[in-house]
Amino acid sequence: MKALVIVESPAKARTLAAMLGPDYLVRASMGHVRDLPADTLGVDIADNFKPAYTVLRQKAKMVRTLRDAIQQAGELYLATDPDREGEAIAWHLLQLLKPKNKIVRRVTFHQITPAAIREAFTQPQHNLDMNLVNAQQARRILDRLVGYQVSPLLWHTTHGKSAGRVQSVALRLVVDREREIQQFQPREYWSIHADLATPHDHSQHFLARLIQIGPYRVGLDERIQLRTQSDADQVKAALAAATYRVNTIKLTKELRKPWPPFTTSTLQQAASARLRLAPGDTMKIAQELYEGVDIGAGATAGLITYMRTDSVNVAPEAQAAAREVISRMIGSQYLPATAPVYKTKVRNAQEAHEAIRPTDVFRLPADIRQHLSERQYKLYDLIWRRFVASQMSPAVYDVTTVDVNAVLRADQYAAPSCLPQEAGSEPPVFLFRAVGRMLRSDGFLRVWEEDGASEEQDEFVSQLPDLAKDQSLDLLELIARQHFTQPPQRYTEASLIKALEVRGIGRPSTYATIMGTLHKREYVITDKRMLHPTALGEHTCDSLVAAFPDLMDYDFTAQVEERLDAVSRGDEDWVKTLADFYTPFSAELNQAEDKMRGIPKPETAAASADSHDRANAPDTSGTVRHGRGKSTARKPGSHTGKAGKRSGNKAAMTNVHCPLCGAPMVQRTGPRGPFLGCSRYPQCKGTRAIKPVSASAGGHDNPV
C-alpha cells in the first residue's frame, strides 16, 4: 500500500511527489481545513475558552477526498509547514481524518530539496508538537475574542470596519507618526564651512565644517548654537582675518560589515524598497519559490528555504557552499578567514529556524532566469545576492580626518554674541574638521549595492589633498548654510514592518496580512509609497485607545507575543494565557461603547461617511432598512428589518462579506426578491445579488 502524504498546497504536492516517487500518494489540504465559525463567536469562554471548530465549507469536499485516500493508504505522513500554523493544520487534519490502525508520522523540513526530503522521511517524528498547536490556538482565539467583540462596537460608533489585536496597534503607529509630523515645529540652524586649499594649488580645495569654538562645541544641540543668519554672519565676520593651519591628521580604516541573510521582515523591506513589491506580493512569490518551480527537463525544485522566519542562522553546509561560490566566481580575496556568524536582534526571534537563502547557491539567478517569471527572477536574485554577500568580507574604507585651526589676533577679533559669556573677550581657536572617505576594498559591496547615501555621507568629502601637520592653508571662501530640522518620515509599508518587528509586535507570518488589512479597511492610504492615516483610521484609533488602553499599548501587545512564544516552548499554559488576557479585556469591553461614543468624530470623517453612504446607496426598490442593533458580543446584524417582518422572513446571517466594508452580510427579501445586505446597515449600504454562499476562514475578525 502507498503512503499518504498531506501538504498544504498543490505546488508543494507536485514538487514532493516528483521527489518521493511512486510509493507515495501526495495530496494538498489547500491550507486550513477547520476554523472558528464565521457567524458566531465560536469560543466557550466559561469552559476554559474551548473553541468550537467547524470544517470550512469550501474544504468539505477536500476532507472527503482525504478520508477516501487514507483508507487506501498504509501510512500517513503529515508534511505541513514547520511552524505554528503548519503544526496546527496537521493537528486539525488528524482530528478530522481519525486514521484507525494507521501509522501516523509528522515530517518537517525547511527546504524542499531531494536531500532535505530524504532526511525528513527517513527520520520522521511520531508525535505532533502540541506546544506549537496550543500557541496557534491561543493566538487564533485571542484574535477572535478581540475582532469579534470589538468590531461591532466600531460599526455602531465610528463607522470603523474591523479591529484586530495587532492590526489596530499597527494603525496606532501610523496615526501617532502622523501626529508627530503635524505637531512638529521646525527649528532653524546654521552651519559654517571653510573652503580651503594649499597655497601652491587652489584646484585641490576642500570644505571643512566649524565644529568647535574654544572649548565649546558648535551644533544644533551643543553649547554654541547658530540659530539665525545673524549668528552665522557674526561668526563669519569674526573669522574674516583668521589664519588657517592644519592641526592634526588622523588616518583610520573603517569596516562596513555585510548585512545578515534575509528574515521574513527584512525580505519584505528590501523587496519593497528595491523591487517596489507590496509585502503580500513578496510573500506570494517567495512561497512559489519555496514550494517548487519547474527549472527545465521536467525537474521541479524548491529554490529557497522556508520563507516565514525571524532567524538569521545559516546551516554550516550552506555556508561552506557559499564560500566555494565566492572563491570560484568572485575571488578568494573576498572570503573572510572564517564564516560570519549572525545573531538576530529581533525580540522573541525563533533561533531554531534558518534564514531565507537559496537551497542551492550554485543555482545562479541568470542560469534559471528563463524558467522564472520576471518577479520570481527578481526576488530570487535579491535573496541569492543577499545570502552570498552575507558570507563575504567587509568593505574597507580609508578615512582621513583633518582638523584645521583658525587663529585670530586680539586686535582683529570681535566676539560673536552666540558665544557663552564665560568665553571672555580673548579670541578663541576656531576648529574646523574635514573627513575624507575612500573605498579601499569593496568586499561584499561587489555583490550587494547599498541603498543610496546615508545621512552621515554629508560629512564626508570624496578625497582630500595631501596635507601635513602645521601646514598653512588659504581660505577661498567662508560659507554659511541654513538648515531646518525635519519631521520624522511617514512610514512606508517596509518601515512599518520594521517598527513592528523591533517592538516585538506580530510575527513574520502576519506582517503582510496586516498591511493588506489596513488598506482594505480604508484606515490608511498610500501616497508616494508613504502611509497616511485616513480620517476614519484616526477616529477608529482614537476610539480604541480610549476604550482599550491595554489592547492598544505597544508594550502590552509585545508582552502578549512573548507569552504566546512561551506557550510554544511549553513554558506557559495556553488557557492561563488566554484567561490573563481576557479578564482585564472583558472589563474594558463592558464600558467600551460609552467611551468610544465620547470621542468626537473629525468633520472630515463624518463628511466622508455621509458621502460614502450616498455614493453607495442601492436601488431603493430593493433596499431593506434594518433596525439598529445594540452593540454587544452577540453576532452582529442579528436583528430583523421591516421587510423581513412584512414577509415573515428572519434575516439569515451568511458567510459572505460586504464588498464595501467587509462585514458579514445577511440574507433579506425585498420587493425584487432575495438579496444580501450588509449587517451594518444603515452605516454601510452594501448589497449583493444572491450567489452560492462560501465560508470564510477568517470572518470579519481577520486574525491580525
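User: How are axes defined, and at what angle do helix H10 and helix H12 pack?

Analyst: Axes are lines fitted to C-alpha atoms, for helices over the stretch in contact, and angles run from 0 to 180 degrees between N-to-C directions. In this predicted model, helix H10 covers residues 316–330 and helix H12 covers residues 374–390, and their axes lie 9 Å apart. Angles of 65 to 115 degrees count as roughly perpendicular, and H10 is therefore roughly perpendicular to H12, the packing angle being about 90 degrees.

User: How many nonpolar residues are there in the contact of H10 with H12?

Analyst: From H10, the residues Ala318, Ala322, Val325, Ile326 and Ile330 take part, and they meet Trp384, Phe387 and Val388 in H12. The contact holds no polar and no charged residues, while the number of nonpolar ones is 8.

User: Is alanine 13 buried or exposed?

Analyst: Alanine 13 belongs to helix H1, which spans residues 10–20, and beyond its neighbours within four places in sequence it is in contact with Val7, Val26, Arg27 and Ala28. The C-alpha atom of alanine 13 is separated by 6.0 Å from that of arginine 27, although the two are 14 residues apart along the chain. Because its relative accessible area is 8%, under the 20% cut-off, alanine 13 is buried.

User: What is the relative accessible area of glutamine 111?

Analyst: Glutamine 111 sits in the loop between strand S8 (103–106) and helix H4 (114–122). Leaving aside neighbours within four places in sequence, its contacts include Tyr290, Thr305, Glu354 and Arg357. Glutamine 111 is classed as buried, with a relative accessible area of 15%.

Notes: Residues numbered from 1 in each chain as written. Predicted model: local features only at pLDDT ≥ 70, side-chain atom pairs only at ≥ 80, totals over all residues. Heavy atoms only, no water. Helix = DSSP H or I, 4+ residues; strand = E, 2+ residues; numbered from the N terminus. Parallel < 35°, antiparallel > 145°, perpendicular 65-115°, else oblique. Contact = heavy atoms within 4.5 Å. Nonpolar A, V, L, I, M, F, W, Y, C, P; charged D, E, K, R; others polar. Buried < 20%, exposed > 50% of the residue type's maximum accessible area, 1.4 Å probe, protein only.
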